[in-house]
Amino acid sequence: MAPEKPKTQDSPLGASFRDPSGFLYLSAGRLLRQVNMAYQENYDRLMTSGLYQELVNQGLLIPHVESDHTGMRPEIAYKVLEPETIRFISYPYEWSFSQFKDAALLTLLIQKLALEFGMSLKDSSVYNIQFHQGRPVLVDSLSFEINPQGGPWVAYRQFCQHFLAPLSLMAYRDIRLIQLLKAHIDGLPLDLTSKLLPFKTRLKLPLLLHIHLHALSQRRFSSAVVDTRRTMGKVALLGLLDSLETGVNALRWKPGGTEWANYYCDTNYAPEALEHKKSLVSEYLDRISPGIVWDLGANVGVFSRLASERGIFTVAFDIDPAAVERNYLSCKRRSETHLLPLVQDLSNPSSNLGWRSNERASLIDRGPADAIMALALIHHLAISNNVPLDSLAGFFRDLAKWMIIEFVPKSDSQVQRLLASREDIFSAYTQENFERVFSTCFRIQRKSAIRSSERWLYLMEALPLE
Amino acid sequence: MELSFHFSSEVLRLIINSSILAYLDPGSGSFILQLILASLVGSLFLFKNFWKKLLSFLRGIFSRDRSDKE
């Protein structure tokens, strides 16, 4: 008799511990959601009222199937759900302005629909929204509760902290303030937001009510006792949602002439070089046929689309929020389903955050991808950020099995531009040394000179870790 | 500005004092604010809907007039 295989250990997801309604866990590589008995009535209402079907039909909620798995904690399990897979989990501090705004409007739309079916969102966490097939969707199907009478909306504070506060700061103060979400994992405190926003936002009714007066009310009544049985009618609740929606809709951000948003208009690439580089990248992609590609330093996604248009799911990272905004708006306009643009500073990639440093995963922990593309990138990391080549090679090996990488020599005008304002202490930055150092982590499978330029393109395969 | 905020705070206090009965967590301020705003946002919502309907009604009349003339 063959020895019995050890039973696969189920493990709960680090971010899924707050809600008594249920939790997410991994079982033999499948992501499952246990619905606890405590949530039975609400879950049944979601499924039988027609709300679930309506949300799924409109592409607003991630679809799921009921699984026959017994649950990770069967003693309190009511059902086990298997949701459709999200290819890459992203976080709001990695989104562009319009991605964030679309996520906020989605949440309000879902809440309005839920009210029509006698239910309401009991939480409105921004982390419950993910981008799936090019569009934002709600991924937490346990966010609803039966609510026949109207308000107050229990998730109102969370909506203001998670959506309205960061969006208004980005629109009225500075786009980079989205990074405050890394420090304030449960959304931005409203008193802080109120302090940081310019005076003119007090003249905008939705921001006056939902940020400034809200902050004041929180301070004034922080330890107040209140009759929680008091309600507000449905019209008042719809009015509240309408006011929030008006406030979100009015927020705008127009990217100025930022560093890289005009890169393809303002570069030393000859048209022939650009075309040749595209054909080489395409050839390499066809050779390795990856399932998931991360394009590092993707700008507005010109090369990312060589992968995504082949049906390869591609995450297009860039440090510049303006480039990511333009990329996302293009995705929306063209209804692209295989491309996800995100903001990422590779010199300080997203790290593990939250309770036990385990609620939000680092960039590396969300990998590896099948392949990464690092086109016109390494001179920025090696020269602008002083990262030694061996450290770069090690970092890239952590991210994927395959790599398409462009080497930009010192004589290139873009590198000369970087060196113009600093001392050239980069004697190791040569093509020969690049190949030697990267060969310690990768096997060079192909290399080609890009026509009408001094640049080279490489296809490399990661060596197995010893 | 401080003065107007102080004034608003006092107004909130006067409005809400009558309803204070049971303990609620730090979300109290958000809960209370919604009750205070209920009439305002509800009326604005009704007015907005009425205005939209009025505009579409008038647009309907004018477009009918124009097509009659044509």
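Where pLDDT is low, the predicted coordinates should not be read in detail. Chain B averages a pLDDT of 71, with 56% of the residues scoring at least 70, while the model scores ipTM 0.81 and pTM 0.90.

The secondary structure of chain A comprises 15 helices and 16 strands, where helices (H or I, at least four residues) and strands (E, at least two) are DSSP runs numbered from the N terminus. The radius of gyration of chain A, taken over C-alpha atoms, is 25 Å, close to the 23 Å given for 466 residues by the globule rule, so chain A is as compact as a globular protein of that length; the rule is 2.2 Å times the number of residues to the power 0.38. Of the 466 residues of chain A, 54% are buried, meaning under 20% relative accessible area with a 1.4 Å probe and protein chains only. Among contacts in chain A between residues at least 6 apart in sequence, 72% join residues at least 24 apart.

Residues are numbered from 1 along each chain as its sequence is written, and chains are lettered from A and ligands numbered from 1 in the order in which they are written. In this predicted model, local features need pLDDT of at least 70, side-chain atom pairs count only at pLDDT 80 or more, and totals for chains, interfaces and linings use all residues, while side-chain values use heavy atoms, with hydrogens and water left out.

Technical notes: Buried means under 20% relative accessible area, exposed over 50%, partly exposed in between (1.4 Å probe, protein chains only). Contact means heavy atoms within 4.5 Å. pLDDT is the predictor's confidence in each residue, from 0 to 100.
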